[in-house]
Amino acid sequence: MSLSLPDTPSRYRPLGLAATVLLAGGLIAAALAGGGGFLSSVAYQLPEFGLLVLAMALPLIAGGINLAILAIANLSAVVAALTFGAVGDSPWLAPLPLFAGLATGCLTGALIGLLIAYLRIAPIIASLGALLVYTGVGILATNGAAVTGLPAFVPAFAGQTVAGIPLIALIFLAAAILVGVLLGRTPYGRYLSAVGYNETATAYSGIDTARIHLVAYTLSGLLGAVAGLVMLARFNSARMGYADSYLLTTLLAAVLGGIDPNGGRGRLLPLLAAIVLLQVTASGLNLAGANQHFSAVAWGGLLLAKLAYDRLRS
Amino acid sequence: MAEPLRERSAIRRLAAGIGLLGGAAALWVPGFASPYNWLDLLSSSSITALFALGLLVVLMAGELDISFTAIASVSQFLLAVALARQDIGWAGTIVVSALVGLLLGLVNGAVATWLRAPPIITTIALLNVYGGVLALISRGEMLYDFPDFFTYTAVARIGGYPLTLQTIALAVTAVVTALMLKATNLGRILRAVGGNRDAALRLGINGMTVNLLAYGYLGLVSGIAGLAHAQLLQAVTPGSLIGRELDVVAATILGGASLAGGRGGVVGTLLGVLFIALIGNILVLSGVSPYWHQAVTGAIVLAAVAPIAWRHARPALAEVA
């Protein structure tokens, strides 16, 4: 069965151009202001944010939303950290906690997917209920405190580089490429967009839309878990509530990256440009000593401006 | 006539749940049956209930706004600033809170309607803008030291029990909201727009006007909730209300309202808030870790919504809950 969707590259060209120009400008300004140290701090901060944006992007493309990505990321990190505590410091057993963390992400994501796909609960409610449950469980398991005492190779992992590039940045890049291939080169990617455009029509085309949702949220959970593990290594600890402010910025990056908030459209390259652009700006603001409230206003305002821009063009 | 049925079944199940939970707690949890515990429960859940009633109206119209905690925070901050300069009395206090809330609510309505993006995304942005601007302007400093009239716990007494400002605000809002939804043309229009927006718009109903009314009403009620919260704590800590929005959404949905619009009612909403507050109250009184509250709340909301969503699911798979 073939399925063709409205082709929209013309919508991307001016946006992509604008993003590239902004990005280049931002990078140059940043490099001038902060030098190589700045760029390397961007490279270390970007992966967790980028992975979370990818985790948000898949449900958005399917016309849904996953409000629980940070709870999933933190819960996965907590599970991994607690497993590290159980298995001890042996690097040979390190795959076990990693696997536990990733499995937590898949399961918690899949549970939201099941609620949406088979019980037909609206994504906002399903992921909101899940957010409450996951946060509650995570806090119960940790008494609300940070889990520390990880083996020394965990924080060391976050500092490792390959050919000068941080390993965690390469992990993000690999995840991004896989998501890009999934979106642009596989039938699943087309079906995901189709579900986002018009679920009813897609269902009547003989496509199992429930499975499309289930896979989207499972992958969202998995990407969230990878982000959680990256945070675990970077912060050398795990706690429910880390990085909660990312909810706004992941939505902002997704929408700036050309994903239609009403579902349907989404491609990797503009998304990557938005991720890099936002991280450079955020790190720049950080460096300039701007406080978090100023950032919240800026990000919220930028999101509204992008939505207004799209509205005026349509 | 699926709508009243759904609402009534939500009310029936919540009432049964509250009855069972309350009955069991009265028997086994020491301190639960005391009237002071109930008054405490009422006062502490009244702020959530106010938000929930405002949110109900927005959900009814098929919209969603989660920035109400930020609206309440802005309004109580401006109120505290005004009270620090001048004794504006109860009338002035109420007018300031309600006006600030109404104004921001109208802004939300206009922005969310015009942008045509999912309102959850638009209002997450607005929540951050309001909260951020408030934090920048207030520098996070706590405001207290209110004029005398504002500090009395009991506005009146009935049979020796205090009648608090929070209780009165909740009662008035509940009655007004119920009347608006049940007995006015506006309520019918809200229900119509929420039930089937396209059909309602083709009947000549102006979607922007209806949304302005709905978001404006939530803003106004949020302003009052900010006032009630400031009076309860006798202090305004900028942003201390922010972060509670998703719990309010959960309680309202539990009460039978639907994100798809057109469904829900005041009684169900109040019972939804009460049910969640009751669970928290019992957990605290019985010495169980309050950390359970969030997990239990989430699980109950999902368990309550799932069968309704499932029953309403059609082959063409439109979302319902």
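Chain A has twelve helices and two strands, where helices (H or I, at least four residues) and strands (E, at least two) are DSSP runs numbered from the N terminus. The model under discussion is predicted, so local features need pLDDT of at least 70 and side-chain atom pairs count only at pLDDT 80 or more, whereas totals for chains, interfaces and linings use all residues. Residues are numbered from 1 along each chain as its sequence is written, and chains are lettered from A and ligands numbered from 1 in the order in which they are written.

Let me begin with chain A. Along the sequence its pattern reads α-α-α-α-α-β-β-α-α-α-α-α-α-α. Of its 314 residues, 52% count as buried, that is, with 20 or more other C-beta atoms within 10 Å of their own, the C-beta atoms being placed from the backbone. Two residues are in contact if their C-beta atoms, again placed from the backbone, lie within 7 Å. Among contacts in chain A between residues at least 6 apart in sequence, 80% join residues at least 24 apart.

I turn to a helix pair. Two packed helices are described by the angle between their axes and the distance between the axes. In chain A, the axes of helix 3 (residues 95-117) and helix 9 (residues 209-235) come within 7 Å and cross at roughly 150°; axes are lines fitted to C-alpha atoms, for helices over the stretch in contact, and angles run from 0 to 180 degrees between N-to-C directions. Helix 3 of chain A is therefore roughly antiparallel to helix 9 of chain A, a term for angles over 145 degrees. By class, their contact has 15 nonpolar, twelve polar and no charged residues. Here Ala, Val, Leu, Ile, Met, Phe, Trp, Tyr, Cys and Pro count as nonpolar, Asp, Glu, Lys and Arg as charged, and the others, Gly among them, as polar.

Next, the interface. In total, 44 residues of chain B are in contact with 41 residues of chain A. On the chain B side, helix 5 of chain B gives the largest share, 13 residues. The residues of that side divide into 34 nonpolar, eight polar and two charged.

Finally, one residue of chain B. B:Val248 lies in helix 10 (residues 245-254) of chain B. Why does B:Val248 count as buried? Because it has 26 C-beta neighbours inside 10 Å. Leaving aside residues up to four places away in sequence, B:Val248 touches B:Thr48, B:Phe51, B:Ala52 and B:Leu55.

How values were computed. Buried ≥ 20, exposed ≤ 12 C-beta atoms within 10 Å, placed from the backbone. Parallel < 35°, antiparallel > 145°, perpendicular 65-115°, else oblique.
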